[in-house]
Amino acid sequence: MPSLRDIRRRIASVKNTQQITNAMKMVSAAKLQRAQDRVLSTRPYAERLGFIVEHLQARVRPTAHPLLTPRDEGKTLLLLITSDRGLCGGFNTNVERLALEQLRQLSARGEVDIIAVGKKGRDYLAYRQFSLHEVYLELFLRQVLYEQAQEVADKLIRAFLEGTYRQVLVIYNRFRSAMSQQPTILRLLPMSALEDAEADPEEPFDYLYEPSAPEVLDSLLRKQVEMQIFQIFQESFAGEHGARMTAMDSATTNATEMIGSLTLTFNRARQAAITKELIEVVSGADALQG
């Protein structure tokens, strides 16, 4: 049985850990609130932009722009988005497993180039001996900037327009709530052109396109890719802090329970030591009297 000193030291150690996990929970809660507000505030703009693009797509041929044209040949470019830090439960594990399953399927069909965003995804794939085309580390440690999404989107668009890739896929955690993040696969490029006439967003008016509809379509398609990447980054950022807050809350609760259990063990051990000393004193007194 451990000594009283050992139990006391362990209680102090668990209390220190509890303070750390509680502080991390509070920090993640504050960051989550700001990130969640940004996710919700950008959704209306992204939805309206997508609606306008669909409206314009319905008035041009599906092959009017290279970003809309499906391809049968070429490699697949996979963008995997994870966090740079751990201690966030199954946030990274779930999306990494989905990426591994997808990579096995794609590798059987052809070549795959991988872009990893985040240290966890990079380490996971490197450990399994996947070659990485490009890596982004510490891209959004504090907050998500539109310029960062714009840079990544520009590289993806240029890579797709070069004709090397037939599709660009993004695997990330979609933010649903502080306790729920859904691993998601999104085909970013080529973008889906409207094929069903019933899917045409009917409006009682049309737009005037200046300088021309194809040039406006080109600009809007590039802007939509940037917004999609920006939205994905924000979803992942919010999901990471939601998962970390939940994990640290569970760790703090477990530490509280462990402290209670250790305190009970400490009290029992101290009571046993006191009882033993009393018995020794009484036995010694009886021996002297005898």
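A crossing of two helices is called left-handed if the near helix is turned anticlockwise from the far one by less than a right angle, and right-handed if it is turned clockwise. In this predicted model, helix 1 passes helix 5 in a crossing of the left-handed kind. The residues that make up the contact of helix 1 with helix 5 comprise 33 nonpolar, 17 polar and 12 charged ones.

Two packed helices are described by the angle between their axes and the distance between the axes. For helix 1 (residues 4-57) and helix 5 (residues 213-289), the packing angle is about 160° and the axes lie 5 Å apart. Angles over 145 degrees count as roughly antiparallel, and helix 1 and helix 5 are therefore roughly antiparallel to each other.

Five strands form an open sheet with mixed pairing, in the order 3-2-1-4-5. Strand 3 (134-136) and strand 5 (180-189) each have a single partner strand, so one side of each is left without a neighbour in the sheet. From one strand to the next, the twist averages 20°. Within the sheet, strand 1 (residues 75-81) pairs with strand 4 (residues 165-177) in the parallel sense, over six bridges. Leu78 stands opposite Leu169 of strand 4.

The loop between helix 1 and strand 1 contains Leu68. Is Leu68 buried or exposed? Its relative accessible area is 2%; buried means under 20%, and Leu68 is therefore buried. Glu111 lies 43 residues from Leu68 along the chain, and the C-alpha atoms of Leu68 and Glu111 are separated by 22 Å.

Key
Residues numbered from 1 in each chain as written. Predicted model: local features only at pLDDT ≥ 70, side-chain atom pairs only at ≥ 80, totals over all residues. Heavy atoms only, no water. Axes fitted to C-alpha atoms, helices over the stretch in contact; angles between N-to-C directions. Helix = DSSP H or I, 4+ residues; strand = E, 2+ residues; numbered from the N terminus. Parallel < 35°, antiparallel > 145°, perpendicular 65-115°, else oblique. Nonpolar A, V, L, I, M, F, W, Y, C, P; charged D, E, K, R; others polar. Pairing = 2+ DSSP bridges. Buried < 20%, exposed > 50% of the residue type's maximum accessible area, 1.4 Å probe, protein only.
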